[in-house]
Amino acid sequence: MRRHNRTTLLRLLHVGGPSTRATLAAELGLNRSTIKTLVDGLAEAGVVEEKVPRPGRGAGRPSLLVLPQPHAAVVVAVDLQVEHVALALVGLGGQILGRNSWNLRGRMREADEVITHVIESTAVLAGDLGVTPVAVGVSVPGVVRRADGHVHEAPNLRWTDVALGERLSSVLRIPVLVGNDAELGAVAEHLRGAARGSSDAVYVSADVGVGGGVIAQGSSLRGGAGYVGEIGHMVIRPGGRPCYCGSSGCWETEIGEAALCRALGLPEDTARGAILFELRELARDPEAALSRLAEFSEWLTLGLVNVVNLLGPQLVVLGDLLTVLPDSVIRAVAAEVRRRSLVSRAVGGTRIVSSALGADVKLLGAAEVAFEVVLDTV
């Protein structure tokens with residue numbers, strides 16, 4: 001029981017940040033003497049420290065704040081995307097202690113090259129910071145078996161059957177957790193972003209591909225063998241454009257990066273920076289944005305209506321390229337989803353918002369799955 005209480009308290013501090021002993025007692029339903037024993041033990045181990053908060057206006061002696069110590073447990077977070085890799089060392093409490101990134105071109109996109117570079121970059125960054133990582137979390141844009149980190153298929157990387165988790169753990173000698181990028185985006189938004197406080201939420205990520213992560217009753221929905229969230233391959237336009245999955249008219253073919261380029265009148269291979277610039281310029285004229293992105297918005301709406309009717313979330317969080325859509329477009333899509341979705345009307349209107357974590361969302365999600373196996377051993 002003491003180990004359980006210790007882990008629960010530490011998780012509360014890790015996700016919620018600094019807190020007083022009184023607040024911790026109320027949140028955990030424990031008496032003050034138990035909280036004192038737990039906090040004193042963690043402080044002696046160097047996992048937390050107590051500090052006097054900055055002076056406020058209130059009278060009386062301020063309560064001490066209990067703060068997690070970032071260097072007490074450090075994990076490696078890797079966000080593997082189609083065009084680049086971001087790697088960070090993340091400390092207890094979610095603080096990014098250091099980071100590195102590199103582009104993926106040509107041979108650098110091959111699995112062997114990526115694995116080698118991740119291992120080397122981890123060693124260099126950990127050495128520079130003087131820390132020893134205790135676990136690794138990896139976000140991959142593909143179908144991943146969570147049990148062992150086996151990447152069944154990451155089509156935009158042209159990876160098939162890559163034993164990513166096993167190969168990394170055999171060299172790094174620490175636990176390695178690998179997850180689908182959209183699933184980990186959902187985890188991050190639920191714990192630290194726009195979906196914080198929502199027990200049922202869906203994260204929809206549109207990049208080169210389209211994926212989804214689902215939070216159901218406060219937990220990540222993982223499906224059989226960990227395969228879930230391939231919402232980009234819902235067929236929404238029968239007879240539409242061919243998709244690499246072998247079908248045609250998938251949602252991904254209508255709202256992915258190439259589709260957004262077409263909607264903006266840009267070549268499908270336009271650089272990401274040029275796409276973002278065009279969207280920001282378009283946002284200056286809300287009516288023009290609605291007009292130019294009308295068809296794109298219709299396909300986005302249709303897919304979201306299906307997602308909401310199927311999963312009934314309180315909240316849908318839009319990620320990656322969808323976060324840069326003009327506000328007028330997001331508002332119009334949200335209104336249409338509420339109007340056309342039976343489930344949305346039944347639950348009082350599913351909210352649709354943009355990601356609150358920006359480019360770090362999947363990096364933070366990768367860190368959190370690594371911390372899942374760490375907090376009860378700190």
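**Helix packing, cores and cysteines**

A: In helix H4, Asp112, Ile115, Val118, Ile119 and Thr122 meet Leu164, Arg167, Leu168, Val171 and Leu172 of helix H5, where contact means heavy atoms within 4.5 Å, and helices (H or I, at least four residues) and strands (E, at least two) are DSSP runs numbered from the N terminus. This is a predicted model, in which local features need pLDDT of at least 70 and side-chain atom pairs count only at pLDDT 80 or more, while totals for chains, interfaces and linings use all residues. Residues are numbered from 1 along each chain as its sequence is written, and side-chain values use heavy atoms, with hydrogens and water left out.

Q: Switching topic, which residues touch the most other members of the largest nonpolar core?
A: Among its 37 residues, these are Val204, Trp251, Leu260, Leu300, Leu304 and Leu325; such a core is a set of buried Ala, Val, Leu, Ile, Met, Phe, Trp, Tyr and Cys residues joined through side-chain atoms within 4.5 Å, and buried means under 20% relative accessible area, exposed over 50%, and partly exposed in between (1.4 Å probe, protein chains only).

Q: Which element gives this core its largest share?
A: That is H11, with seven residues.

Q: What does Leu260 touch?
A: Not counting residues up to four places away in sequence, Leu260 touches Ile275, Leu279, Leu293, Phe296, Leu321 and Leu325.

Q: OK, cysteines: how many disulfides?
A: The count comes to zero, taking a disulfide as a pair of cysteine sulfur atoms within 2.5 Å. For Cys245, the nearest cysteine sulfur is that of Cys250, 3.7 Å away.

Q: Where does Cys245 lie?
A: Cys245 is in the loop between strand S14 (219-220) and helix H7 (252-255), and at 40% relative accessibility it counts as partly exposed. Leaving aside neighbours within four places in sequence, Cys245 is in contact with His233 and Cys250.
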